[in-house]
Amino acid sequence: MLHFFSECMMLLSYLVSDLVEIPSHANSSFLSLSPIAKSAMSLAERFNLSHQLAELRLNFYMGAGSLEHFHSCAEGLRGGFRSGLSYGNANMAFYCALLAAHFSFISGEKDLTSLMTEIDYYLHLLETYKSDVAKNLLLCIRETVSTLIDKGETTSIEAKASYGDLNDPGNKLLETYNYYQMLRNFWQGYSQRAQFYVEKYRSMTRTKTNCDNYIMKFYH
């Protein structure tokens, strides 16, 4: 029975994640499946699938869960992080941490100094647990937060995010780079530069998630 609910939740999460890429006129299908995925998530927690909670929550908040309030997304993903570490699924735990930091940042759930402290905690743990992808993306968010606090004058650290060759159109980190450059420049008041990165991000983004659509509308 427990395995059945787990498999149902994973299937629904992946399905709804795929629905993010459907055309805007089909958004009603996405919305109609959101309560189903949420109910499946509740069932998973009710039947105490704690050992799979990190993966379940990650898939949920990357899909149907992204329709929740972003504050709730951040908190739910922190629960996934704690569960992942408790059950030895560190890789999934730090992807939850990464997404939690992302939702927290874009929603203003925490003040920037508190968010940076949280990110530094994750980075400290990553010295032990090792997840290069999660670490690099957390550094990207941290650099954005540091820039907005004091342009990195006193809050920057030695470790830096690596984006590879920014002139390589096949570079998978270009989307991340353009996305956070867009955020940094907007909040610093550089509207033309922000719009430049909006267009670059728009031109290459493959997956228009709920979060991304709101951000794009906000910055345009």
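Visitor: Glu118 and Arg78: buried or exposed?
Guide: Both Glu118 and Arg78 are buried, where buried means under 20% relative accessible area, exposed means over 50% and partly exposed is in between, with a 1.4 Å probe and protein chains only. Before we go on, this is a predicted model, so local features need pLDDT of at least 70 and side-chain atom pairs count only at pLDDT 80 or more, while totals for chains, interfaces and linings use all residues. Residues are numbered from 1 along each chain as its sequence is written, and side-chain values use heavy atoms, with hydrogens and water left out.

Visitor: What do the side chains of Glu118 and Arg78 meet in?
Guide: A salt bridge, at 2.9 Å from N to O. That term stands for a side-chain nitrogen of Lys or Arg within 4 Å of a carboxyl oxygen of Asp or Glu. The pair links distant parts of the chain, since Glu118 sits in helix α6 and Arg78 in helix α4, 40 residues apart. Helices here are DSSP runs (H or I, at least four residues), as are strands (E, at least two), and both are numbered from the N terminus.

Visitor: How many salt bridges does the structure hold?
Guide: There are 8. Another one joins Asp120 and Arg142, with the closest N and O atoms 2.5 Å apart. This pair also links distant parts of the chain: Asp120 is in helix α6 and Arg142 in helix α7, 22 residues apart.

Visitor: And how covered are those two?
Guide: Arg142 is buried, at 4% relative accessible area. Asp120 has 28%, so it counts as partly exposed.

Visitor: Which residue forms a salt bridge with Arg202?
Guide: Glu199, with the closest N and O atoms 3.3 Å apart.

Visitor: Which residues do salt bridges with shared partners join into one network?
Guide: Glu75, Arg78, Glu109, Lys110 and Glu118.

Visitor: OK, let's look at α6 itself. How far does it reach?
Guide: Helix α6 covers residues 112-129, 18 residues, and goes 25 Å from its first C-alpha to its last. That is close to the 26 Å expected at 1.5 Å a residue, the expected span being 1.5 Å times one less than the number of residues.

Visitor: Which residues of α6 are buried?
Guide: Leu115, Met116, Glu118, Ile119, Tyr122, Leu123, Leu125 and Leu126. What covers them includes α4 (70-86), α5 (90-107) and α7 (132-150).

Visitor: What caps the N-terminal end of α6?
Guide: Asp111 does, with a side-chain oxygen 3.2 Å from the backbone nitrogen of Thr113.

Visitor: Switching to α8: how many of its residues are buried?
Guide: 12 of its 14 residues, which leaves α8 mostly covered. At 1.5 Å a residue, α8 (residues 174-187) should span 20 Å, and its end C-alpha atoms are 20 Å apart, so the two agree. Gly189 comes after α8 and has a positive phi, near 90°.

Visitor: Where is Arg184, and what is it in contact with?
Guide: Arg184 is in helix α8. Its relative accessibility is 10%, so Arg184 counts as buried. Leaving aside neighbours within four places in sequence, Arg184 is in contact (heavy atoms within 4.5 Å) with Cys140, Glu143, Thr144, Thr147, Leu148 and Tyr163.

Visitor: Last thing, the whole chain. How many helices and strands does it have?
Guide: The protein chain has 10 helices and 0 strands. Buried residues make up 50% of its 220 residues. Among contacts between residues at least 6 apart in sequence, 60% join residues at least 24 apart.

Note on methods:
A polar contact is a pair of N or O atoms within 3.5 Å; within protein, one must be able to donate a hydrogen and the other to accept it, and residues adjacent in sequence count only if both atoms are side-chain atoms.
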